[in-house]
Amino acid sequence: MAGKVIGDWIYFCPEEITVRELYHIFEEQGNVEIWEEAGVLEIPIGEKSSFDVETAQIHPKDEITLQFATEYGVKSVFMVTFVPEDYEKAEQIMKQILVKFGGLFCGDTEDFMPQLR
């Protein structure tokens with residue numbers, strides 16, 4: 001990826017899904033942890049690091065994100081965090097999710113960049 005790699009992302013999904021559906025993509029890898037009540041999924045990607053997914057809601061006053069989500073027909077939103085040094089591994093996980101559910105991953109930035117579709 002060109003430019004600065006960031007570790008805070010947003011996953012905009014066009015389907016109504018929960019962390020349970022995301023978990024099913026990775027459950028065979030083992031060591032994947034899910035806290036369904038909290039809406040949290042943790043996928044190990046390094047010896048001491050993980051790709052963390054948390055169910056999120058767009059704040060009603062966040063007009064920019066609401067408009068972006070509406071424009072893309074978003075039904076579910078997740079906050080995603082990982083150590084920037086693990087971007088290559090994280091990118092593989094993001095691609096697996098995109099193949100299964102579509103949507104897009106965006107940097108948690110003012111302009112939603114970078115993006116991965």
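These legends describe views of one predicted protein model.

Being predicted, the model is read with limits: local features need pLDDT of at least 70, side-chain atom pairs count only at pLDDT 80 or more, and totals for chains, interfaces and linings use all residues. Residues are numbered from 1 along each chain as its sequence is written, and side-chain values use heavy atoms, with hydrogens and water left out.

**View 1. The fold of the protein chain has three helices and seven strands.** Helices (H or I, at least four residues) and strands (E, at least two) are DSSP runs, numbered from the N terminus. Read from the N terminus, the order is β-α-β-β-β-α-β-α-β-β. The protein chain has a radius of gyration of 14 Å, close to the 13 Å of the globule rule for 117 residues, so it is as compact as a globular protein of that length. That radius is taken over C-alpha atoms, and the rule is 2.2 Å times the number of residues to the power 0.38. The C-alpha trace spans about 40 × 35 × 25 Å along its principal axes.

**View 2. Of the 117 residues of the protein chain, 41% are buried.** Buried means under 20% relative accessible area, exposed over 50%, and partly exposed in between (1.4 Å probe, protein chains only). Contact means heavy atoms within 4.5 Å. Among contacts between residues at least 6 apart in sequence, 63% join residues at least 24 apart.

**View 3. Helix α1 spans residues 19-26.** Its buried residues are Val-19, Leu-22, Tyr-23 and Phe-26. They cover an arc of only 105 degrees around the axis, which puts them on the same side of α1. The arc is that of the directions from the helix axis to the C-beta atoms. The buried residues of α1 pack against the strands β2 (33-35), β3 (40-44), β4 (50-56) and β5 (76-81), and against helix α3 (87-101).

**View 4. Gly-107 lies in strand β6 (residues 104-107).** Gly-107 is buried, and its relative accessible area is 0%. Setting aside neighbours within four places in sequence, Gly-107 touches Ile-6, Asp-8, Trp-9, Phe-112, Met-113 and Pro-114. Gly-107 and Met-79 are 28 residues apart in sequence; from C-alpha to C-alpha they are 9.9 Å apart.

**View 5. Asp-62 sits in the loop between β4 and α2 (63-71).** Asp-62 is partly exposed, with a relative accessible area of 30%. Asp-62 and Phe-12 are 50 residues apart in sequence and 15 Å apart in space, C-alpha to C-alpha.
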